[in-house]
Amino acid sequence: MDRFVVQGGARLEGEVAVSGAKNSALPALAACLLTSEPVTLRRIPDVRDTRTMMKLLHHNGAAVETGGGVVRVTAEAIQNPEAPYEIVKTMRASSLVLGPLVARTGRARVSLPGGCAIGARPINLHTSGLERLGARIRQEHGYIVAEAPQGLKGGVVYFDRITVTGTEDLLMAAVLAEGETVLKNAAREPEVADLAALLNKMGARIQGAGTSTIRVQGVRELHGADHAIIPDRIEAGTFLIAGAITGGDVTVTRCVPEHVSALVAKLQQAGLEIDETGPDALRVRPRSRLRSVDVTTEEYPGFATDLQAQYMALMTQAEGISLITETIFENRFMHALELSRMGANIRIEGRQAIVAGPSQLTGAAVIASDLRASASLVLAGLVARGETVVDRIYHIERGYENIEEKLAALGAQIRRESPG
Ligand code: EPZ
């Protein structure tokens, strides 16, 4: 299994361009199942999860052509409206095909995702929403079976709690449902608005995406489209923190500053200078000594849970005590244990992590448990004294395109090792 070897101490300097958003690419790829015509998607990052989603579409019967970040999907006919366990177990976001498959073919058989490192992550809100639109749902042999032989009927879906892929799944089901659907307490993430932009290009009639109430007028069928997805705000945030933790001077380009405004506010409070150096560029430099600043993760536009682990690594270098509260997932502090092994002073109390800093981190052999935890360990390795070996980097490869090349180009001492 590949691993990263990081030598700490380098100040990162220079520019890094952000790739397309993994969490936009996945629903956009699933949306291709909604039409028999070709859909061209641009800026699709070449990461493990997008490759898994393309494998799933192929399994469903779609033709998938890729090259240079452009993916062209043609789902002329869907022979196999299912997401098998062997694919779903490697990527829970496979549940994003549930809505499109039911909407397009009247049935779907999707494996339940099972557990995940950061929490139970059930999909009950996806299935109860589909039932509101007339699908019959049953569970058998570890699979969800959804059927709507007469097609879906529009209705009002109220999400008990905000769910990003739940909102996206229901949005993709609603666009072909008969009549009007209203999604209430919908997720407001930029990736939801990006999916709606693609669907409207395909002929859907969606209003309010990006707000907590989304209205959809169902149409009989969708047509092909050509769409460039938004930049990855989590990658952008990760690189801003990489610049911050090394006391460097890093400009993140091809990003949407608005999408990382909660992080930028925290970094400025923590003593960093952040400037918008262009319509799609943010520059981070030190302004004063790093100060500890509390953070609570919340749904967008609040502070992203996907940046919590990276922010915790930064707070180990800040003067004082910072309180990090994780409200979205019930078990998203595994990185704290590994950071402590590197010398960080962190105490976990339920949903809160108390970080006392600054700590001089020392390099260690560490293991990643999920995508963002692994990013946080790499960031800690950048500032630790000595060598850090981050194992199981397939987690990182799920959502970061060429992260080691991008970090090395900024001056990081990082290399990939393929032992055995
Ligand atoms: C999306 O996951 C992202 N993944 C996650 O990014 C991100 O952490 C998460 O949203 C929160 O922002 C993609 O977009 C592919 P949720 P999702 O449904 O949709 C509970 C990464 O690192 N819930 O918004 O699965 C759930 O357990 C990944 O790129 C239910 O109870 O998250 C969680 O506690 C990690 N029932 C909360 O809601 C449901 O039916 C929010 O989950 C659905 C969700």
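Helices here are DSSP runs of H or I with at least four residues, strands are runs of E with at least two, and both are numbered from the N terminus.

Now, a caution before the tour. This is a predicted model, where local features need pLDDT of at least 70 and side-chain atom pairs count only at pLDDT 80 or more, while totals for chains, interfaces and linings use all residues. Residues are numbered from 1 along each chain as its sequence is written, and side-chain values use heavy atoms, with hydrogens and water left out.

Let's begin with helix H6. Is it mostly covered or mostly open? It is mostly covered, with nine of its eleven residues buried. Among those buried residues are Gly166, Glu168, Asp169 and Met172. At the start of H6, a side-chain oxygen of Thr163 comes within 2.9 Å of the backbone nitrogen of Gly166. That is a polar contact, meaning a pair of N or O atoms within 3.5 Å; within protein, one must be able to donate a hydrogen and the other to accept it, and residues adjacent in sequence count only if both atoms are side-chain atoms.

Thr163 also brings us to the ligand. How many residues surround it? There are 22, and the closest are Leu125, Thr163, Thr165, Asp306 and Ile328. To be counted, a residue needs a heavy atom within 4 Å of the molecule. On the polar side, Thr165 has a polar side-chain atom 2.6 Å from a ligand oxygen. For Lys22, an N or O atom of the side chain is 2.9 Å from an oxygen atom of the ligand, and a polar side-chain atom of Arg372 lies 2.9 Å from a ligand oxygen. On its own the ligand has 830 Å² of accessible area, and the protein covers 89% of that. These areas come from the Shrake-Rupley method with a 1.4 Å probe, and for residues only the protein chains shown count as cover.

Which elements give two or more residues to this shell? They are helices H1 (22-31), H5 (124-132), H6 (164-174) and H12 (371-383). Domain 1 (3-19 + 231-417) and domain 2 (22-228) each supply at least three residues to the shell; the bounds come from an automatic or database domain assignment.

Stepping back to the chain, we have 14 helices and 24 strands. The radius of gyration is 21 Å, close to the 22 Å that the globule rule gives for 420 residues, so the chain is as compact as a globular protein of that length. That radius is taken over C-alpha atoms, and the rule is 2.2 Å times the number of residues to the power 0.38. Buried residues make up 58% of the 420.

Finally, some backbone details to look up on screen. Most residues other than glycine have a negative phi, and most peptide bonds are trans. The bond from Tyr300 to Pro301 is cis, with omega near 10°, and Pro301 sits in the loop between strand S18 (295-296) and helix H10 (308-315). Gly357 to Pro358 is also a cis bond, with omega near 0°. Arg43 has a positive phi, near 65°, and lies in the loop between strand S3 (38-42) and helix H2 (48-60). Thanks, everyone!

Notes
Buried means under 20% relative accessible area, exposed over 50%, partly exposed in between (1.4 Å probe, protein chains only).
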